[in-house]
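Visitor: Hi, could you walk me through this one? I'd like to start with the strands and then move on to the packing.

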Amino acid sequence: MSALRYGIVVVPKLDNQEQLLALREKYDPLFYQVRPHIPLLEPFTPATLGELENVGAFISQVRRRIAPVAVDFHRYVEAGDRLVCPVDRGRDELVELHRTLHGCEVLSLLNSGFEPQLVVARIPDPTRRAEARQEAGKLGRSLGLVDALVLVVIEAGGDLRMLASYPFGIGRVDYYDDTLG
């Protein structure tokens with residue numbers, strides 16, 4: 001059994017969320033899991049439960065100084081087994097948030113640069129993924145608002161499960177799992 005991995009994502013509130021959820025239900029076999037999201041950090045594995053609690057405390061402190069970020073997306077592309085949208089408006093703010101969460105500048109030899117993108121769906125079949133991209137392209141521009149950081153657990157198959165949501169600017173934490181609460 002492998003160690004659990006965790007990540008930090010944002011789950012934008014989107015103007016065309018209903019249409020994207022219908023698209024996910026049609027093409028993504030795991031559509032019922034996390035909604036379309038933007039990963040902010042590479043997955044990590046804490047050594048102890050105490051380290052995971054420290055991650056939660058760090059996220060809680062960082063988010064208090066962050067204002068909501070308006071985002072928009074204009075195009076859908078395939079990336080591996082996923083359908084994604086590069087972030088147009090809001091990109092610079094999300095890159096800065098990535099740097100803040102990372103805690104330091106990443107060495108250029110180790111990382112070619114963080115480019116935020118909305119993960120719309122995970123579609124293993126290449127033909128169905130191409131169909132989904134065509135169908136998503138008809139939706140046009142997506143507008144959204146990022147107003148919380150979300151700590152997720154990444155399960156063995158790469159599926160995400162939300163653990164806690166940390167809304168920007170306030171002290172409330174919404175727990176979806178009792179790991180941290």
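**Strands, a helix and cores**

Guide: Happy to! Val 10 stands opposite Ile 38 in E3. This is a predicted model, where local features need pLDDT of at least 70 and side-chain atom pairs count only at pLDDT 80 or more, while totals for chains, interfaces and linings use all residues. Residues are numbered from 1 along each chain as its sequence is written, and side-chain values use heavy atoms, with hydrogens and water left out.

Visitor: How many bridges join E1 to E3?

Guide: Two, and these strands, E1 and E3 (residues 38-39), run antiparallel. Strands here are DSSP runs of E with at least two residues, helices are runs of H or I with at least four, and both are numbered from the N terminus. Two strands pair if DSSP finds at least two bridges between them.

Visitor: What order do the strands of the open sheet have?

Guide: The order is E3-E1-E9-E10-E11, five strands with antiparallel pairing. E3 and E11 are at the edges with a single partner strand each, so one side of each has no neighbour in the sheet.

Visitor: And what holds paired strands together in general?

Guide: Strands of a sheet pair through backbone hydrogen bonds, either parallel or antiparallel.

Visitor: Why is E10 described as largely enclosed?

Guide: Because six of the eight residues of E10 (residues 160-167) are buried. Seven bridges connect E10 with E9 (residues 148-154), again antiparallel. Ala 164 in E10 faces Leu 151, and the bridge partner of Ala 164 in E11 is Tyr 175.

Visitor: Which glycines have a positive phi in the hairpins?

Guide: In the hairpin of E9 and E10, with five residues between the strands, Gly 158 has a positive phi near 90 degrees. The hairpin of E10 and E11 has six residues between its strands, and Gly 169 in that turn has a positive phi of about 80 degrees.

Visitor: Switching topic: which residues of H1 are buried?

Guide: In H1 (residues 17-27) they are Gln 17, Leu 20, Leu 23, Arg 24 and Tyr 27. Looking down the helix axis, the buried residues fall within an arc of 125 degrees, so they line one face of H1. The arc is that of the directions from the helix axis to the C-beta atoms. Glu 18 and Glu 25 are exposed on the face turned away from the buried side.

Visitor: What covers the buried residues of H1?

Guide: The cover includes strands E2 (13-14), E6 (82-86), E7 (117-122) and E8 (142-146), plus helix H4 (126-137). Contact means heavy atoms within 4.5 Å.

Visitor: How many residues does the largest nonpolar core have?

Guide: The count is 41, and Phe 73, Leu 97, Leu 101, Val 120, Leu 149 and Leu 151 have the most contacts inside this core. Apart from it lies another core of seven residues, including Val 9 and Leu 160. A nonpolar core is a set of buried Ala, Val, Leu, Ile, Met, Phe, Trp, Tyr and Cys residues joined through side-chain atoms within 4.5 Å.

Note on methods: Buried < 20%, exposed > 50% of the residue type's maximum accessible area, 1.4 Å probe, protein only.
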